[in-house]
There are 2 protein chains.
Amino acid sequence: MSLRFNDFTPDTNEKTLSMKPEKISEFTTRRLSIYLRSLNQLTLEGVETISSQSFAERFNLNSAQIRKDLAYFGEFGVRGVGYDTEALRKHLIEILGLNRRHRVGIIGAGNLGLALANYKNWTASSFNVVALFDNDTARIGKTSLASSHASKNSDGVKIYDVRDFPTLARELELEMVALAVPRETAQSALDMVVEAGIKAVLNFAPAQLEAPEDVQVKTVDLTISLESLSYFLAQPTSDEVK
Amino acid sequence: MSLRFNDFTPDTNEKTLSMKPEKISEFTTRRLSIYLRSLNQLTLEGVETISSQSFAERFNLNSAQIRKDLAYFGEFGVRGVGYDTEALRKHLIEILGLNRRHRVGIIGAGNLGLALANYKNWTASSFNVVALFDNDTARIGKTSLASSHASKNSDGVKIYDVRDFPTLARELELEMVALAVPRETAQSALDMVVEAGIKAVLNFAPAQLEAPEDVQVKTVDLTISLESLSYFLAQPTSDEVK
DNA sequence: CAATGTGAAACGATTCACAGCT
DNA sequence: AGCTGTGAATCGTTTCACATTG
């Protein structure tokens with residue numbers, strides 16, 4: 001095996017984040033979130049170093065999978081020792097793009113939209129809900145707190161006319177949109193959002209939506225999960241096997 | 001190949017629902033929900049018969065996959081013709097266990113719990129939210145509508161003391177529970193629910209929960225979906241590739 | 001010498017392609 | 001003639017197992 005000029009890489013031992021060595025599967029990225037959450041827990045407990053082995057046992061994961069997932073992005077571990085909790089945590093935050101705030105708009109100021117706007121964990125993390133949009137004049141102009149029974153320790157999010165979305169999306173520099181509208185209007189709302197140049201959408205409507213492939217739409221589908229549970233209950237196995 | 005006594009099956013041409021020919025994957029069951037939703041749409045449009053081909057094109061699915069998924073449960077199609085929309089719809093409803101109502105309790109009467117309780121699509125489908133549970137005395141005794149800004153066309157769901165869950169779960173014949181509590185209390189809430197004999201849980205807390213394997217826990221994790229979108233936005237590909 | 005990083009093996013899900021039925 | 005139901009081929013994901021390394 002001859003050593004060609006290009007074989008010498010002056011890089012650090014970590015793969016640079018900007019290089020895209022291969023396509024990372026969604027299974028992997030979702031697990032990265034789980035690893036990050038678990039690391040937060042470990043940091044809280046003061047654990048400074050952990051092996052993939054004990055990490056896996058602690059949070060019931062698979063150690064080989066942890067190593068493989070992490071190895072896509074760099075060599076974060078130390079052989080014979082394990083991973084530095086805090087360093088790995090920071091790496092994951094960067095990989096997931098959580099090192100900066102994302103400005104989120106919510107379309108639909110019904111029960112779900114308001115609950116989302118007031119959901120505490122958004123703010124604790126890297127997402128800021130900066131605007132709500134609705135087409136109901138009774139809601140427009142109010143804030144999420146005036147409409148809801150939420151606690152008073154934050155300012156609430158203003159509800160705008162959805163017709164102003166195209167201009168406001170730009171002005172407010174929205175990066176992400178959550179769709180909390182009825183199924184019937186979900187596709188047209190998405191079309192509007194796409195038209196405004198938004199590339200990341202979280203859809204709560206129980207519908208398969210169509211979008212250009214450079215727009216990432218993630219559907220959180222309550223109905224499907226419920227029906228999946230219903231299927232499970234309907235299986236003879238549930239009771240039969242004691 | 002000798003014909004033994006047991007080889008003669010007096011069954012219809014459909015696999016009986018009680019037999020478990022092989023383990024059905026979750027990927028398949030989730031798609032069954034999607035097929036059902038699509039069939040509802042077709043019924044509405046008056047389409048009486050459809051081939052897997054046109055079904056796939058209409059809802060962007062894969063026709064071979066549709067046929068394979070359905071074939072796990074019986075021979076629902078007619079060669080040369082396709083599937084009878086209405087008949088297939090009824091089959092899926094039965095397979096998914098949606099031919100009877102499921103009584104659901106929600107633990108946690110915060111923003112999310114209330115939004116869930118007032119969510120219209122539950123009632124439209126086969127799920128009845130019959131009780132909310134909370135540990136906040138300010139909430140206990142109220143109903144979901146008194147606490148929320150929801151419309152007045154239904155009676156609202158009563159909020160009970162979570163300490164009464166074990167007895168009420170039995171009295172109200174709860175079959176499913178939705179966990180809408182903070183992450184910190186999710187595991188202990190689940191333990192209580194499991195202890196009460198509930199076998200199907202929909203978890204909204206951003207946590208990996210532990211449960212016996214005869215209890216099905218489905219986590220709807222907003223945080224993971226958001227972080228997955230954030231990762232997507234952080235990829236150079238999003239803008240770079242024009 | 002303990003634990004990573006990683007090819008190779010195993011497993012599982014999707015898609016192909018066609019025999020067989022109506 | 002047309003479409004289902006399904007083995008076989010393909011593709012992707014997970015797990016194994018070990019050479020490599022601090």
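1. Buried area is the accessible area, found with a 1.4 Å probe, that two parts lose on being put together, summed over both. Between chain A and chain B this area is about 6,100 Å², and carbon and sulfur atoms give 64% of it. Arg37(A), Leu229(A) and Tyr231(A) supply 12% of the area that chain A buries against chain B, more than any other three residues.

2. The model is predicted, so local features need pLDDT of at least 70 and side-chain atom pairs count only at pLDDT 80 or more, while totals for chains, interfaces and linings use all residues. Residues are numbered from 1 along each chain as its sequence is written, chains are lettered from A and ligands numbered from 1 in the order in which they are written, and side-chain values use heavy atoms, with hydrogens and water left out.

3. In terms of contact (heavy atoms within 4.5 Å), 67 residues of chain A meet 67 residues of chain B. The two chains share two salt bridges, a salt bridge being a side-chain nitrogen of Lys or Arg within 4 Å of a carboxyl oxygen of Asp or Glu. Arg37(A) forms a salt bridge with Asp221(B), and their closest N and O atoms are 2.7 Å apart.

4. Which element gives the largest share of the side of chain A that touches chain B? The answer is α10(A), with 13 residues. Helices (H or I, at least four residues) and strands (E, at least two) are DSSP runs, numbered from the N terminus. By class, this side of chain A has 33 nonpolar, 22 polar and 12 charged residues. Here Ala, Val, Leu, Ile, Met, Phe, Trp, Tyr, Cys and Pro count as nonpolar, Asp, Glu, Lys and Arg as charged, and the others, Gly among them, as polar.

5. A residue is near a strand if one of its heavy atoms lies within 4 Å of it. Of the 23 residues around DNA strand D, those that come nearest are Arg79(A), Ser52(B), Arg67(B), Arg79(B) and Tyr83(B). The surface near DNA strand D has seven nonpolar, eight polar and eight charged residues, and α3(A) gives the most to it, with four residues.

6. Of the atoms of DNA strand D within 4 Å of the protein, 63% belong to sugar or phosphate and the rest to bases. An N or O atom in the side chain of Tyr83(B) is 2.7 Å from a phosphate oxygen of DNA strand D.

Key
A polar contact is a pair of N or O atoms within 3.5 Å; within protein, one must be able to donate a hydrogen and the other to accept it, and residues adjacent in sequence count only if both atoms are side-chain atoms.
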